[in-house]
Number of protein chains: 2
Amino acid sequence: MIPIISIVGKSDSGKTTLIEKLVPELTRRGYRVATVKHDIHGFEVDREGKDSWRHKQAGAHTVVISSPNKVALIRDVEKDLTLDEIREKLIQDVDLILSEGYKKDVQPKIEIFRKEKHRELLCTQEDQLVAITSNQKFDIGVPCFDLEDMKGLADFIEKNFLTPTSPPEIFLKVDGKNISLSPFVKDFLAKTIQGMLSSLKGCEPSHRIDIRIENRKRQE
Amino acid sequence: MIPIISIVGKSDSGKTTLIEKLVPELTRRGYRVATVKHDIHGFEVDREGKDSWRHKQAGAHTVVISSPNKVALIRDVEKDLTLDEIREKLIQDVDLILSEGYKKDVQPKIEIFRKEKHRELLCTQEDQLVAITSNQKFDIGVPCFDLEDMKGLADFIEKNFLTPTSPPEIFLKVDGKNISLSPFVKDFLAKTIQGMLSSLKGCEPSHRIDIRIENRKRQE
């Protein structure tokens with residue numbers, strides 16, 4: 001499952017600027033990063049009159065614009081998605097998700113704090129605070145990095161969230177016949193299924209998962 | 001697996017206009033539709049200076065902007081995605097995917113043809129042509145609908161691509177213990193797993209699928 005870290009802080013603390021500095025440091029180390037930004041006011045990401053804009057205006061639930069080097073998607077949702085839901089529904093092919101904000105979400109958080117702007121931290125350890133980046137030292141049981149120390153912060157993230165684990169083994173039978181899978185497909189299937197199950201009660205980190213799917217005849 | 005239909009036709013045949021008329025007809029019937037548009041020239045979907053734009057400029061592989069009623073995503077790709085890949089990586093929660101163009105893709109196609117604009121059809125049945133919408137009658141073994149007949153075209157799509165089937169049954173064990181699942185989760189898990197497997201050799205439509213995932217200890 002792709003790890004999520006939220007960059008939180010009071011307004012004007014420099015969250016976007018921190019992400020602008022942290023992403024290149026992680027990218028330079030070979031990690032692919034997704035970012036998530038909450039926009040409570042709604043947003044416009046497409047231009048009036050474009051074909052894709054016309055599709056959306058006509059009532060399409062989801063519109064995808066695909067080009068050889070990037071893809072864009074706009075879709076309806078019925079409520080604000082949690083970071084977990086965003087990860088499950090939308091994000092693939094990255095090593096880490098950094099959100100800007102999402103203080104109320106359950107994911108681990110790094111708070112940015114500037115002594116000249118604010119008096120108190122936004123988060124406590126009950127908010128899953130895992131680190132602070134600040135121009136003031138805090139001694140509250142989590143690492144505190146200097147505002148400019150991107151190397152230290154990236155080392156911390158790498159060590160705690162990006163350390164590789166041995167991939168799970170997966171066995172697949174179709175109609176009783178064993179199907180051999182490439183390492184890529186094994187990894188993809190196992191991680192996707194485990195990701196889907198991870199939010200279900202009774203499916204906490206486990207040693208073995210067995211799934212059987214039986215296709216029944218169409219009901220006429 | 002979500003069915004895909006490509007709306008194809010020579011340039012200036014009215015593909016976008018057809019999608020603008022077809023989507024409301026399908027939506028009125030209770031279906032959720034995703035559309036896919038190919039943009040070979042690239043595109044801009046975000047505004048310079050916005051926080052999400054700054055994330056992307058900093059090198060984020062994927063940027064998500066989330067609001068209470070819609071979500072947008074921009075991500076890098078290494079090559080043009082096929083419709084199959086777009087479905088797998090990006091699209092959820094819809095009943096049908098309509099692409100504009102994608103004549104070379106392997107998905108079923110509906111061609112739009114105007115006699116005053118062109119002389120010959122773009123597709124043959126080898127291109128997976130399943131229907132024509134035109135102001136000229138064609139008798140080539142696939143249904144031909146009048147350009148204005150959205151009801152007829154939607155009936156055709158509904159009957160051939162959207163007829164409900166009985167949902168598959170799914171059984172899940174974690175460390176040997178049966179886990180009970182809600183109908184929504186059953187359906188979601190079974191369809192997602194079947195969708196992932198559908199492109200693998202030896203996993204063609206099947207009666208029964210068994211998967212076992214074994215988590216091993218971390219390699220130190």
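Predicted model: local features only at pLDDT ≥ 70, side-chain atom pairs only at ≥ 80, totals over all residues.
Residues are numbered from 1 along each chain as its sequence is written, and chains are lettered from A in the order in which they are written. Local features need pLDDT of at least 70, side-chain atom pairs count only at pLDDT 80 or more, and hydrogens and water are left out of side-chain values.

Q: At what angle do helix α1 and helix α4 of chain B pack?
A: Helices here are DSSP runs of H or I with at least four residues. Axes are lines fitted to C-alpha atoms over the stretch in contact, and angles run from 0 to 180 degrees between N-to-C directions. For α1 (residues 15-28) and α4 (residues 150-161) of chain B, the axes are 10 Å apart and the angle is about 65 degrees.

Q: How do the residues of the contact of α1(B) with α4(B) divide?
A: Contact means heavy atoms within 4.5 Å. Among the residues making it are Leu22(B) of α1(B) and Ile157(B) of α4(B). Ala, Val, Leu, Ile, Met, Phe, Trp, Tyr, Cys and Pro count as nonpolar, Asp, Glu, Lys and Arg as charged, and the others, Gly among them, as polar. The division is seven nonpolar, no polar and three charged.

Q: Is Cys123(B) buried or exposed?
A: Cys123(B) is in no disulfide (a pair of cysteine sulfur atoms within 2.5 Å), and the nearest cysteine sulfur, that of Cys144(B), is 13 Å away. Buried means under 20% relative accessible area, exposed over 50%, and partly exposed in between, with a 1.4 Å probe and protein chains only. Because its relative accessible area is 4%, Cys123(B) is buried.

Q: Which residues does Pro68(B) contact, leaving aside its neighbours within four places in sequence?
A: Pro68(B) lies in the loop between β3 (62-66) and β4 (70-76) of chain B, strands being DSSP runs of E with at least two residues. Pro68(B) is partly exposed, at 32% relative accessible area. Its contacts are Asp39(A), Ile40(A), Val77(A), Glu78(A), Lys79(A) and Asp80(A).
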